[in-house]
Amino acid sequence: MSIGSELTAARERADMTIEQLSAATRIRTGLLIAMEADDFSRCGGNFYARGHIRAIARVVKADPAPLLATFDAEHAAEDEKSRREERVAVKSPTLRPARPRWALVLGAILVVLMGWGMVRLFTLPSDIEANASKTATTSATVTTPTPKPTPQPTVRPTKKPATTPKPPALRTALTMTATGNGTYLTVRDRTDRKIFQGNLTPGIAQSVTSAGDIRVQVANPDNLVVVLNGKRVPTKLTKFTAHPNGTLSKT
């Protein structure tokens, strides 16, 4: 079980509501609901989160050591990862553009030009020899017949085999409306991706449509009206799973 689930179970064993626990620990109701939903980002840091966990465990008569050990194991890995990324960012070399060495480039160009001039000086014939060779030599023009192009075989396009379309995945349409004093919701899809999390005030509805199952965690199920696939489904569960066939099951 997660830390939030352990806190919820300990509070329920102590037969206390969120409001009673808030009065005993002096921790805001919204923050308690978020912690039970495994959302510790609103605590203001890991130091304050550990203090809140100790205060809650003291009131509900629970052992805080396993909860703190689990919290440190989960968040120590995130802190170590961020520190490694910072060290890599600091050690990354800075590339500077290379400056061209113009003296070497100009020297190479001059050497090439001088070499080409020497080759022309010693290899070209004199003007007399060039004129004599032009007078003595008769150029003959040879006309070769143009070969006929070889006919290419006609390639006909092959037809791709028809593909059978895949059947569409079953979808779940879930609408949750808050009543009374409202409630705190956490909604996840079948891949455990968080779709919605936060307070649902009275009279406000939250609609979710997803392929496959939808997992819901609610703080006050008495203040929630659930409509699954167009049909109202009464429930008192704090954690349940909505299925595409229109049924609910306990998570």
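Here are some questions and answers on how features of this predicted model get their labels.

This is a predicted model, where local features need pLDDT of at least 70, side-chain atom pairs count only at pLDDT 80 or more, and totals for chains, interfaces and linings use all residues. Residues are numbered from 1 along each chain as its sequence is written, and side-chain values use heavy atoms, with hydrogens and water left out.

Q: What makes Phe40 and Phe71 an edge-to-face pair?
A: Rings of Phe, Tyr and Trp (its six-membered ring) pair if their centres lie within 6.5 Å; planes under 30 degrees apart are stacked, over 60 edge-to-face, and the rest tilted. Here the centres are 5.3 Å apart and the planes sit at 75°, so Phe40 and Phe71 are edge-to-face.

Q: Why can we say that this pair ties together parts that are apart in sequence?
A: Phe40 lies in the loop between α3 (29–36) and α4 (46–59), while Phe71 is in helix α5 (residues 64–91), so the parts they tie together are 31 residues apart in sequence. Helices here are DSSP runs of H or I with at least four residues, strands are runs of E with at least two, and both are numbered from the N terminus.

Q: Why is the pair of Phe47 and Tyr48 given its label?
A: Their ring centres are 5.5 Å apart and their planes are at 85°, so this pair is edge-to-face.

Q: How do you know whether Phe47 is buried or exposed?
A: Buried means under 20% relative accessible area, exposed over 50%, and partly exposed in between (1.4 Å probe, protein chains only). Phe47 has 65% relative accessibility, so it counts as exposed. Tyr48, at 48%, counts as partly exposed.

Q: Why is helix α1 called largely enclosed?
A: Eight of the eleven residues of α1 (residues 3–13) are buried, so the rest of the structure largely encloses this helix. Among the buried ones are Ile3, Leu7 and Arg11.

Q: What makes α2 roughly perpendicular to α4?
A: Axes are lines fitted to C-alpha atoms, for helices over the stretch in contact, and angles run from 0 to 180 degrees between N-to-C directions. Under 35 degrees is roughly parallel, over 145 roughly antiparallel, 65 to 115 roughly perpendicular, and the rest oblique. Helix α2 (residues 18–25) packs against α4 at about 110°, with the axes 10 Å apart, so α2 is roughly perpendicular to α4.
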